Amino acid sequence: MCGIAGVVTSAPQDDLAGTVRRMTATLGHRGPDGAGVWSSDDGTVSLGHRRLSVVDLDDRASQPMKDASGRYVISFNGEVYNFRTLRKELSGAGYAMSTQSDTEVLIEAFANWGVRRTLDRIQGMFAFAVWDDVAKVFYLCRDRFGIKPCYWRFDSGVFSFGSEMKALFACAENPLPLNPAAIAHLLDFDYVPSPDSVFQGIQQLAPGELLIMKRGEPPTVSPYWSLETERKNRTGLLAERSDAELLDECDTLLNQVIEEYLDCDVPTGCFLSGGIDSSLISAIASRKLQSPLRTFSIGFSEASWDESGRARKIASYIGTKHEELILTARMAQDLVEAIPDYYDVPFADFSQLPTLAVSRLARNEVTVCLSGDGGDELFAGYDRYDWSQRIWALHRALPGPVYKGLNALCSSRFMRSVRSALPPHVSETVRRLPEFALNGAAPATFDDYYKTIMRNHPSCLHEGTATESLASTVPYWIEGAGLERLDSMQIADIRHYMGDGILTKVDRASMSVGLEVRIPFLNERMVDFAFSLPMRSRHSKSGLRSLEKQLAYRYIPKALLDSPKMGFGFPVDSWLRAELRDWAEDLLSHSRLKQLPYINAGKVRKLWDQHISGTVDRHWQLWPVLIYSQWMQRWKTHIAMP
């Protein structure tokens, strides 16, 4: 895993290589093992790279790298998991390889097949920049699911890009204006959905997109792969298979993928939370290694949040060398103050703290970790896939006066206090029904209703030009003929909740310590298989993700796995009233809030007062404001205030 950055200009610039070196210097945590810069002879193109050595540790595999002909130059962040297969094919066509790296295979594939045909053939996680020095064309590409990040800017004929926003700060001459819609999205969804960013004029390359720029012309961006199209094309392909056949095929495929993902030249382990997804990945991986697999988990002294005991039992059963860390409030305080450096864009999923902690724990022993992310989205593991449709049916069936009465009851202080008192492992259906399911006017469509569910904070804390309507502009729902409602929910979650949320969280946390995280469930073959599954394999009478559960039971006893889902968070509500109170009080002070653009300071203070009094749990609404306030203080010299 690595960090990439670069600049392409329409006219020569003085010391362009120096500019790119400053950009890549901000990405040193992503690639602590080496750095390199390539610049064109005419001074209009410069590509930079920071290297984390995982496959082929030899210096000959360093980047930026040219193909054998010298036509193409690449700066590549990620892994191509089927590179050995492609290498054999290219070698058979007469291409002589001088390294064992996937980067060389990728650049020679461009030379042989072209960029677009190569994209159809590679499997992996990546963001890469390629310069064609003959055609004078620049390419920037991001993987199908957004596992690896990529930001870009085009201003006055100068194109710049980087793995993280801070790389673009290094080449921006003036402070950048905020994007008011992005602040609204942050407060409502915890993240800024791609392709937007927190700044006007800077964009994220969205998952599955390819940017092409010819010299002297503005860039064009288009998708090379589509979640919606892929799902439609695969609907019903496995409908005739028996349940036993589907289970065997899934078992074989996941074993093959995990074996490929363990193929590297550095120590490898697994995150193990104790849930179905990470337990299944760890159980299979433990059978592939000669020595005991290393597994890592986070626990808490607060019993209602602690899953470390279950993870420990599963680790013992599958025979891993397990390490766990009990995350305390004092540890969290050290981590939370560093968030703006690790997440140089405002990002407010509070599970970023345990993710940072488990990444640090793992990096002490390994360089690569496998993760169970993606299983819920692919195999329909979230409770909301079930209860949302039940509550939507209730919405449609209730007469207007009855609906208004229930809404008033569920919005009352009594019901909010009841919900706040429920422990985290209580069903999400029960715990969130009062706030999300019956809040405000009845939504007109299931599309609107699902957005309401996914908006964690529909409290309208934003103001000015960042109105509530801006949050509703997020294209969360994906309609399509031939798609079931469950299909659309899964696709929408893969694109945004996972792509813009979970994967951003994991990338920044892991790369803050130079740890590469590989995600077997997001292998292209696994996604193709999951998209082809009939409805009965995802949602049956026995519940959600029936196929994945049956597969997990092949490797781990049912009694060890069947426990309520807690989620990967920490006791934010109580810590904000105690150990993190001083930190929060400073960030939510009247003076700080008045300096935050597009924030209703009065409403925020009211929520904070309610929270610290203990009458209502408001951490869901407050956490993104805290993150925004802290981010503003850290990066204010790069921000043009409105």
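In the predicted model, Arg 634 lies over the face of Trp 635, at 3.9 Å from the ring centre. The ring of Trp 635 also belongs to a cluster in which ring pairs link Phe 169, Phe 199, Tyr 628, Trp 631 and Trp 635.

The structure contains 23 aromatic pairs. One of them is formed by Phe 138 and Phe 161, which is classed as tilted because the ring centres are 5.6 Å apart and the planes stand at 40°. This pair connects distant parts of the chain, with Phe 138 in strand E7 (residues 137-142) and Phe 161 in strand E9 (residues 158-162), 23 residues apart. Phe 138 is buried, at 0% relative accessibility, and Phe 161 is likewise buried, with a relative accessible area of 0%. Another tilted pair consists of Trp 583 and Trp 623, with 5.6 Å from centre to centre and 50° between the planes. Here the link is between helix H26 (residues 581-587), which holds Trp 583, and helix H29 (residues 619-635), which holds Trp 623; the two residues are 40 residues apart. Both Trp 583 and Trp 623 are buried.

Arg 592 is found in helix H27 (residues 590-594). With a relative accessible area of 19%, Arg 592 counts as buried, since the cut-off for that class is under 20%. Beyond its neighbours up to four places away in sequence, Arg 592 touches Asp 586, Leu 587, Ser 629 and Gln 633. Gly 602 is located in helix H28 (residues 601-613) and is partly exposed, at a relative accessible area of 49%. Gly 602 and Leu 461 are separated by 141 residues in sequence, while their C-alpha atoms are 9.0 Å apart in space.

Helix H2 (residues 83-92) has four residues listed as buried: Phe 83, Leu 86, Arg 87 and Leu 90. Viewed down the axis of H2, these buried residues fall within an arc of 105°, and therefore line one face of the helix. An α-helix has 3.6 residues a turn, so residues three or four places apart point the same way. The buried residues of H2 pack against strand E5 (72-80), helix H3 (102-113) and helix H4 (115-121). On the other side of H2, the exposed residues are Thr 85, Lys 88 and Gly 92. H2 is followed by Gly 94, which has a positive phi near 100°.

Thr 295 belongs to strand E15 (residues 294-299) and is buried, with a relative accessible area of 0%. Its side chain makes a polar contact of 2.7 Å with the side chain of Thr 320. Leaving aside residues up to four places away in sequence, Thr 295 touches Thr 320 together with Cys 270, Leu 272, Ser 282, Ala 315, Lys 321, His 322 and Glu 323.

Backbone features were also identified in loops. A cis peptide bond joins Ser 194 and Pro 195, with omega at about 10°; Pro 195 lies in the loop between helix H6 (180-189) and strand E11 (202-204). Ser 156 has a positive phi near 55° although it is not a glycine. Ser 156 is situated in the loop between strand E8 (151-155) and E9, and is exposed, at 70% relative accessibility. Ala 380, also a residue other than glycine, has a positive phi of about 65°. The loop that holds Ala 380 runs between helix H14 (375-379) and helix H15 (384-397). Whereas Ser 156 is exposed, Ala 380 is buried, with a relative accessible area of 0%.

The mean pLDDT of the protein chain is 87, and 87% of its residues reach 70 or more. Among the elements of the chain, E7 has the highest mean pLDDT (97), and helix H18 (residues 428-437) has the lowest (49).

Definitions and conventions
Residues are numbered from 1 along each chain as its sequence is written. This is a predicted model: local features need pLDDT of at least 70, side-chain atom pairs count only at pLDDT 80 or more; totals for chains, interfaces and linings use all residues. Side-chain values use heavy atoms; hydrogens and water are left out. Rings of Phe, Tyr and Trp (its six-membered ring) pair if their centres lie within 6.5 Å; planes under 30 degrees apart count as stacked, over 60 as edge-to-face and the rest as tilted. Buried means under 20% relative accessible area, exposed over 50%, partly exposed in between (1.4 Å probe, protein chains only). A charge sits over a ring if NZ of Lys or CZ of Arg is within 6 Å of the ring centre and within 35 degrees of the ring normal. A polar contact is a pair of N or O atoms within 3.5 Å; within protein, one must be able to donate a hydrogen and the other to accept it, and residues adjacent in sequence count only if both atoms are side-chain atoms. Contact means heavy atoms within 4.5 Å. The arc is that of the directions from the helix axis to the C-beta atoms. pLDDT is the predictor's confidence in each residue, from 0 to 100.
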